[in-house]
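Here are my notes for your first look. Keep the model open as you read.

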Amino acid sequence: MDAVKRWKAGWGYPTTMLCVYGFFSTVKPLVPFIYPYLTGPDKNLTVEQVTNEIYPVWTYSYLAVMVPVFLLTDWLRYKPVVVFQCINLFITWAMMLLVQEVAVFKAMQFFYGVKSACEVAYFSYIYSIVDLKYYRKATSYCRSVQLLGYTVGSVLGQLLVSFNLMSYNNILVLTLVLISIALVTSLFLPMPQRSMFFHRRDMCTGDVSTEGPVRARGCSQIFLLLWRDFLQCYSTRALLYWSLWWVLATCGYNQAINYVQVLWAHIQPSQKVQVYNGGVEAVSNLFGAATAYGIGFIQVDWAQWGELFLGSISGLGAAALFIMTFTDNIWVCYAGYVAFKGLYMLLITFAMFQIATDLSMERYALIFGANNFGSLVLQTIITSVVVDGRGLGLGIIPQFIIYGSYFSAIAVIFFLRGVYTIMRVRQSHRDSTAAEEPPSPTMSGKAAEPQHVKVMKLCGDTGDYLFGSVRLEALKQWRAGWGYPTTLLCIYGFFSTVKPIEPFLIPYLTGPDKNLTVEKVTNEIFPVWTYSYLAVLVPVFLLTDWLRYKPVVVFQCINLFVTTAMLLWLQGVAAMQAMQFAYAVVTASEVAYFSYIYSIAELKHYRKATSYCRSVQLLGYTMGSVLGQLLVSFNLMSYNNILVLTLVLLFIALVTSLILPMPQRSMFFHRSQERHETGNVEELDAQELPEALGREGMCAGDGEMAESPEEPVRTRSCSQVLIQLWRDFLQCYSTRELLYWSVWWALATCGYNQTVNYVQVLWQHVEPSQNFTVYNGGVEAVSNLFGAATAYGIGFTQVDWAQWGELALGSFSGLGAAALFTMTFTANIWACYAGYIVFKCLYILLITIAMFQIATDLSMERYALIFGANNFGALVLQTIITSVVVDGRGLGLGIIPQFIIYGSYFSAIAVIFFLRGVYTIMRVRQSHRDSTAAEEPPSLKDSDTCPEQRLSRRN
């Protein structure tokens, strides 16, 4: 009870209540479908009535009540206005449900205008009830639940409309229920004792806690203070220009958002097709949130470059509006809307950042209100002239032409202003540098130059920091360090893995483009990849190290280009088999991608570089799957055109691979002299390890290249390398724990590869692509993201894997087997998709654990050896299974018997490792009990202790 009382007395309780209120008041499933609802059979209003008579009332009402509500909100101390806002929201939706006439809908827009004006109370409330140290956290919570509410409402509305689960009227009833929950919640909000202006704390205390003395002030005092702050804030030119953009852009944004549903209905009438307005709103909210979040990590001198940025991005927003206006494709219009909304959220976020700098909370609230009021005044003018039936009353296409031209004007103004600002800043910098240049005499008779003058001399006569030799020197240092090759490798990794056709390979091969049968693809073409991969894996592994990685990276990209080109232009089984061989070479060359970075970066950057390279690969796979799904689902491109797009992306990757720096060393064939003399890394102690690694051609300076041309690098013969590999191989696998983990790795990877290789054939069997819009790309994207999440989350799990690991391998392998059996015996494609996602996530989870366990206390060379050996063992086993089960020259089984075998295979793995895990746990516990008993003989000091006490000690 005391804990509950403390929680209610602190900041957590009001924040929680406000978040609950914010969520339920923003979950409005009908909002994305208001226009189809009003113009449909339920209300039967015309387009002109909605656009030119009803919608403008909101703008006028919002303007009329904004200032009074702003002042009342502070005077009444927020809570009453929050409750009043929810009441107006309830009245708005009730009127929409129950009334029919145009006049009543205008009254409804008035109530919604009041509700919009009351929005200021939502965020202001929390600042009056919590301590200053919790402002950022409370604000993030309240803003997040609002975004969550909008998104959930959009998604929920889309689902209810798309699957005909509810009529529009029933959705309105559901909305009223949710608003009722919000209303009840608002009644339980604690009443603040202070506010920003009318009930301000006595400034002499300097405290922001809720216990400080509060002094109520008169209305005249408030207006005088607000006017003084207003003049002082806008006396700063930089703040004035940022606020001007805020006013102009917010006006145009609100106009576009208010009438975009009318544009969508014009392009694709909702009576003819199913609308996806809810899904688009959800995507735009998430995209906008992502851009707003990402801007916080960009380190730019916004004081110099900000206005140019405003102009440039506003130009992109204008282009998006023009695309929306002139396209006849609803999906292009949707995409333009998502881009426009995301760009605005990006810009308004960093405009808020810039304005909020060095402003108090009260002054920021004043600027926020003044800017929004200015935008609303301008919006009212545009609405009355352009939209209102008593003005021009233009149609929706001329309206959006005006909105696009409006943003174009904003873009031109701020672009020119940005160019002027940059030129002025540079000129001012040159003038100040010239004024400070005369040297001052020192005791030695020499001129003591200030540091900035020395830097300017390095920069040359122009004194230009951006293009002078200082910047060139910084660029040279970056290119000489690990950042440059890592960046290039990440670019290569991204563009080489964006393959939109991959999730749709079976529909493409068995469709009209290639016209192959499922049996030919499954039993004749696909097995060639397995055999070829096994044949070239070891030679490519050795060549990769001998050639020092870069040539193999380039060779991999060339083969990937050849594979895609053969898939596009060739026909027949023999050509597709040759294509599979080329792709096997690509797969075998994958080892060069990660090995390259270890030869070019310092040891301290290994983890960071690896995470970057792996992340962009995952991003590439996911982007490729999503892009392919979008292109196929919306019929934006044929399969052949998608392949052409893939060739363009691969060409970018190929060019990038050609400019990768050439490493001077490798793990085995080209090792440093010191490494060869000192032996293996793990034989050194903790103090010697950095020195030995540092001597391996690594520079002492931070950020420099991993190897130095001056460091000796010894090239070893093939026999020496093979002998060393064999010795390391025997030594590594002599450890029983590592052996068991490696056995699971080989067995599970074999089964996983077989499943992934042939799962599209199973999907085609369950639901033929000719009868169904396939969602293979979406499923691959989701499985990649879930797999990445599980792999990331396992790093935060504190488990004794030495004791529980084998039991986990067995248990989760059993779940994987169950997922495979579910995929095999279901007739529902969505159940099959779900089983695949579960199976893939479980494998990624377990293989991550196995990699962690095996990598413990191993050097990079030995880990690379174990990695290659385990994958080679998996490939040998996979080759045997393919030749017996899949190949037409073997059993040539159909896809269902194949997956029964794969499920049984994982069941056998599960049983073996589950029993082994139980045995390991019992052995560890017995060993623990034996060691405990051996260490517990009674001491002479306990001779005067009673037996009961000694017994209790042992227990």
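The points below cover the cores and the aromatic rings.

1. This is a predicted model: local features need pLDDT of at least 70, side-chain atom pairs count only at pLDDT 80 or more, and totals for chains, interfaces and linings use all residues. Residues are numbered from 1 along each chain as its sequence is written, and side-chain values use heavy atoms, without hydrogens and water.

2. Start with the largest nonpolar core, which has 106 residues. Such a core is a set of buried Ala, Val, Leu, Ile, Met, Phe, Trp, Tyr and Cys residues joined through side-chain atoms within 4.5 Å. Buried means under 20% relative accessible area, exposed over 50%, and partly exposed in between (1.4 Å probe, protein chains only). L30, Y55, W93, M96, W245 and F400 have the most contacts inside this core.

3. Now take Y55. Leaving aside neighbours within four places in sequence, Y55 is in contact (heavy atoms within 4.5 Å) with I34, Y35, L38, V50, Q109, N258, Y259 and V262.

4. How many aromatic pairs are there? The count is 35. Rings of Phe, Tyr and Trp (its six-membered ring) pair if their centres lie within 6.5 Å; planes under 30 degrees apart count as stacked, over 60 as edge-to-face and the rest as tilted. The centres of F110 and F111 are 5.9 Å apart and their planes are at 75°, so this pair is edge-to-face. F110 has 37% relative accessibility, so it counts as partly exposed. F111, at 25%, also counts as partly exposed.

5. One aromatic cluster is formed by W245, Y253, F340, Y344, Y406 and F407.
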